[in-house]
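Good morning, everyone. Please have a look at the model on the screen, and then I'll walk you through it.

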Amino acid sequence: NGLSTQNYDLTFWSQSVASTTLNVIAVLFFSSKLTEHNIVFTSRQHILKFYSLDSNMTITQSGLRIGQRLKYELARKPSFNVTEDFLKLVPKEQPLKDRHFKTCAVVGNSGIVLKSNCGQEIDSMDFVIRCNLPPIEGYQKDVGSKANLTTMNPSVIPQNFKNWNKTKKEYDRFLRRLSLIGDQILYVPAFTSPHGEKDVRILTQFVLKHELPMKTAFPPTGLNNLMKKIWRDAGFKILRPSTGAHMYTLAATVCDQIHMYGFYPFKKDPQGTALHYHYYDNRKMIGNRTHNMPEEFSAFQQLHRRGAVVLHTEPCQ
Ligand code: CDP
């Protein structure tokens, strides 16, 4: 199938990863529809053909002016108005410029991480990525507390903090969650759909009003399609890549070793115990029409088998 150690650019991970895999029994129940050939193309080399942090991680201030209209990916009209306040949050340069990490954790939000005891291991990684501003307090034992890059879809506000302007308690809860980012990165896909505009404005006001020291990043319009292209060119039948797939792609360009936790889009764990969709809420595992997470999971399993990632689906020691 054309796969060789020469064209597989991640094989050098295998050795260092091998010792860690002793602690990890990845679940390999799901038969793969993909050929090993696909894996070559989801490797760093393939990703870098389409994606670079310098051009795709965030828009930057240069060339952007107040009043400029930015297109949304999923709507022809309306467009996003670059206000004076929003411009203050746009970084001067991409926040990971010239950075490279030996070990990274990408933490998804599946209920599989509960009782995993993986918190310490996650915190021992050089760079930790989390998805959608998840709660950490109260879950440290399982998910750790370090967060170097946290994503936040604008929909996180209506979904998890809808009463932020109704009660002080809810306002403080949202503020606390944002404060925990500290001076690390908050990554906000603001230009996917105009539905998120109101929430991007709310976030902007929170950050400015409370002088939160975080670094913000706003991936440019078109990133969903770009991600989809990267994965589809590799033969994966994914729909719009999920946040986790998106974060794997980003991590592959800056990390030598990627450890993935909280990726498990199934109703039951390998022992047959029911799982919640998220580790922090009671949402049932339901089919997701926006993403094809089982297909993504199957891709991560293949990457695991090749030593390109360590997919943790069992408790840590
Ligand atoms: O933004 P999105 O709906 O994609 O993500 P989320 O529900 O906040 O979860 C973060 C990521 O964890 C997802 O994008 C998936 O990649 C992964 N996940 C999973 O593998 N299994 C689940 N049950 C839930 C999330």
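Helices here are DSSP runs of H or I with at least four residues, strands are DSSP runs of E with at least two, and both are numbered from the N terminus. What you see is a predicted model: local features need pLDDT of at least 70, side-chain atom pairs count only at pLDDT 80 or more, and totals for chains, interfaces and linings use all residues. Residue numbers start from 1 along each chain as its sequence is written.

Let's begin with the ligand. Which helix gives the most to the shell around it? That is α12, with three residues. The ligand is surrounded by 17 residues. Being near it means having a C-beta atom, placed from the backbone, within 6 Å of it. The closest are Gly108, Ser110, Ser242, Thr243 and Gly244. Now the classes. Ala, Val, Leu, Ile, Met, Phe, Trp, Tyr, Cys and Pro count as nonpolar; Asp, Glu, Lys and Arg count as charged; the others, Gly among them, count as polar. On that basis the shell has ten polar residues, seven nonpolar ones and no charged ones.

Next, the whole chain. It has 13 helices and nine strands. Of its 317 residues, 40% count as buried. Buried means 20 or more other C-beta atoms within 10 Å of the residue's own; exposed means 12 or fewer; partly exposed is in between, with C-beta atoms placed from the backbone. Two residues are in contact if their C-beta atoms, again placed from the backbone, lie within 7 Å. Take the contacts between residues at least 6 apart in sequence: 73% of them join residues at least 24 apart.

Now the strands. Two strands pair if DSSP finds at least two bridges between them. Start with β3, residues 101-107. It runs parallel to β8, residues 255-261, and six bridges join the two. Thr103 stands opposite Gln257 in β8. β3 also runs parallel to β4, residues 127-130, with four bridges. There, Cys104 stands opposite Phe127. β4 in turn pairs with β5, residues 149-151, in the parallel sense over two bridges. Ile129 faces Leu149 across that pairing, standing opposite it.

In a regular strand the side chains alternate between the two faces of the sheet. So what covers β4, one face or both? Both: Phe127 and Ile129 are buried on one side, and Val128 and Arg130 are buried on the other.

Asn132 counts as partly exposed, because it has 17 C-beta neighbours inside 10 Å. Leu133 is in the loop between β4 and α7 too. Leu133 is not a glycine either, yet has a positive phi of about 45 degrees. With 23 C-beta neighbours inside 10 Å, Leu133 counts as buried.

One more backbone detail. The peptide bond from Lys77 to Pro78 is cis, with omega near -5 degrees. Pro78 lies in β2, residues 75-81.

On to the helices. In α11, residues 223-233, the buried residues are Leu223, Met227, Ile230 and Trp231. Seen down the helix axis, they fall within an arc of 90 degrees, so they line one face of α11. That arc is taken from the directions from the helix axis to the C-beta atoms. What covers them includes α3 (44-50), α4 (53-56) and α12 (243-254). Just after α11 comes Gly235, with a positive phi of about 95 degrees.

Between α3 and α4 is a loop, and Ser52 has its place there. Ser52 is exposed, with 12 other C-beta atoms within 10 Å. Ser52 and Thr253 are 201 residues apart along the chain, and their C-alpha atoms are separated by 7.4 Å.

Last, α13, residues 293-305. The expected span of a helix is 1.5 Å times one less than its number of residues. For the 13 residues of α13 that should give 18 Å, and the end C-alpha atoms are 18 Å apart, which agrees. Its buried residues include Met293, Phe297, Phe300 and Leu303. After α13 comes Gly307, whose phi is positive, near 80 degrees.

That's my tour. Thank you.
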